[in-house]
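Look at the model below and keep it in view. The report walks through a few local features, one at a time.

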Amino acid sequence: MKKTMIFDLDGTLSDSIHSIKYCADQALATVGFGPFEVEQYYYFIGDGAANLIKRALLAGGDAELVHFEAAYQAYREIFKDNCMYQVKPYEGIVELLAALRARGLKLAVLSNKPHAETIRVVEDLFGKDCFDIIQGQMEGVAIKPNPEGGIRILEKFGIAPQDTLYLGDTGTDMLTGKALGSFTIGALWGFRKRDELEEHGADVIVGHPLEVLNYIG
C-alpha cells in the first residue's frame, strides 16, 4: 500500500491553460509579441514561468531574448491577479482526491508555478485541508525535473520514495518522479501526449484520474 501521492498542478489537477495564455498574452503584448494559440502554450509551459516566457519570445522571433526581463516581470505581476482565470479541476480529480484521503494517503502538490499562486489555485479549487503539503516554485529550491522539491516533501512526511506515487502530465514530471525514486504515473488528460510520457520513463499511463486507484497497492 502506497503511503503518499505527489501531484503536479497545471495539466494534472487543474485545467489552467486559459489562465496561462491570458496572462502570458498580456505580458508579451507589452513588448510587442503574441498572441499565441492555445496549442502553442501546451508546449511553452511545464518548466516554470521564466521558461514559459523565453519559449514564447523565441517562437515570436526574439532569438536573443532581448525582451525577456520586461516580459517576465510583466507576466509575474499580471499572473498574481489572474492565476484563477477560467481555472477548473479536471473531471474525476475531486473524486480521486477523496478516495485517496479515505484510504489514508498523505497528499502533496509539487508545481513549477510560483509558490504563492500555487497555494491560491490549490486552495481555491480544493479547499485548505485537502492537501497536506503544497510546494510551488520558490527561491532556493530547484524547479522540476530536479527532485529537490519532492525530496523536501517526503522528508516532511517521513515517507520513503518507494512508498510514493507521483502523477504528472509532462516529460518534466516523469523525469521528476523517476529522479525521486517514486512510482511515476503519466496523465493523458493534460497538456502533453502519450509518446512524451513514455519516452521520459512513465511507469504507467492513465486516461482518467480514477484509474490511479489501481496502483496504490
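A polar contact is a pair of N or O atoms within 3.5 Å; within protein, one must be able to donate a hydrogen and the other to accept it, and residues adjacent in sequence count only if both atoms are side-chain atoms. This is a predicted model, in which local features need pLDDT of at least 70, side-chain atom pairs count only at pLDDT 80 or more, and totals for chains, interfaces and linings use all residues. Residues are numbered from 1 along each chain as its sequence is written, and side-chain values use heavy atoms, with hydrogens and water left out.

**An arginine in a loop**

Start with R192. It sits in the loop between strand 7 (183-187) and helix 9 (194-199). Helices (H or I, at least four residues) and strands (E, at least two) are DSSP runs, numbered from the N terminus. R192 has a relative accessible area of 10%, so it is buried. Buried means under 20% relative accessible area, exposed over 50%, and partly exposed in between (1.4 Å probe, protein chains only).

Which backbone oxygens lie 2.8 Å or 2.7 Å from a polar atom of the R192 side chain? The 2.8 Å distance belongs to the backbone oxygen of Y42. The 2.7 Å distance belongs to that of I45. Contact means heavy atoms within 4.5 Å. Leaving aside neighbours within four places in sequence, R192 is in contact with Y42, Y43, I45, D169 and T170.

**Two packed helices**

Now turn to helix 3 (residues 49-60) and helix 4 (residues 68-82). They pack at an angle of about 130 degrees, and their axes are 10 Å apart. Axes are lines fitted to C-alpha atoms, for helices over the stretch in contact; angles run from 0 to 180 degrees between N-to-C directions. Helix 3 and helix 4 are therefore oblique to each other. Angles under 35 degrees count as roughly parallel, over 145 as roughly antiparallel, 65 to 115 as roughly perpendicular and the rest as oblique.

On the helix 3 side, A49, A50, L52, I53, K54 and L57 take part; they meet F68, A71, Y72 and Y75 in helix 4. By class, this contact has nine nonpolar, no polar and one charged residues. Ala, Val, Leu, Ile, Met, Phe, Trp, Tyr, Cys and Pro count as nonpolar, Asp, Glu, Lys and Arg as charged, and the others, Gly among them, as polar.

**An enclosed helix**

Is helix 8 (residues 171-180) largely enclosed or largely open? Seven of its 10 residues are buried, so helix 8 is largely enclosed by the rest of the structure. The buried ones are G171, T172, D173, M174, T176, G177 and L180. Their cover includes strand 1 (4-7), strand 4 (106-114), helix 7 (148-157), strand 6 (164-168), strand 7 and helix 9. After helix 8 comes G181, with a positive phi near 90 degrees.

**Backbone details in loops**

| Cis peptide bond | Omega | Loop holding the proline |
|---|---|---|
| G34 to P35 | near 0 degrees | P35: between helix 1 (17-29) and helix 2 (38-44) |
| K144 to P145 | about 15 degrees | P145: between strand 5 (133-137) and helix 7 |

L65 is not a glycine, yet its phi is positive, about 55 degrees. L65 lies in the loop between helix 3 and helix 4. Its relative accessibility is 24%, so L65 counts as partly exposed.

Q86 is also a residue other than glycine with a positive phi, near 55 degrees. Q86 lies in the loop between helix 4 and strand 3 (88-89). At 48% relative accessibility, Q86 counts as partly exposed.
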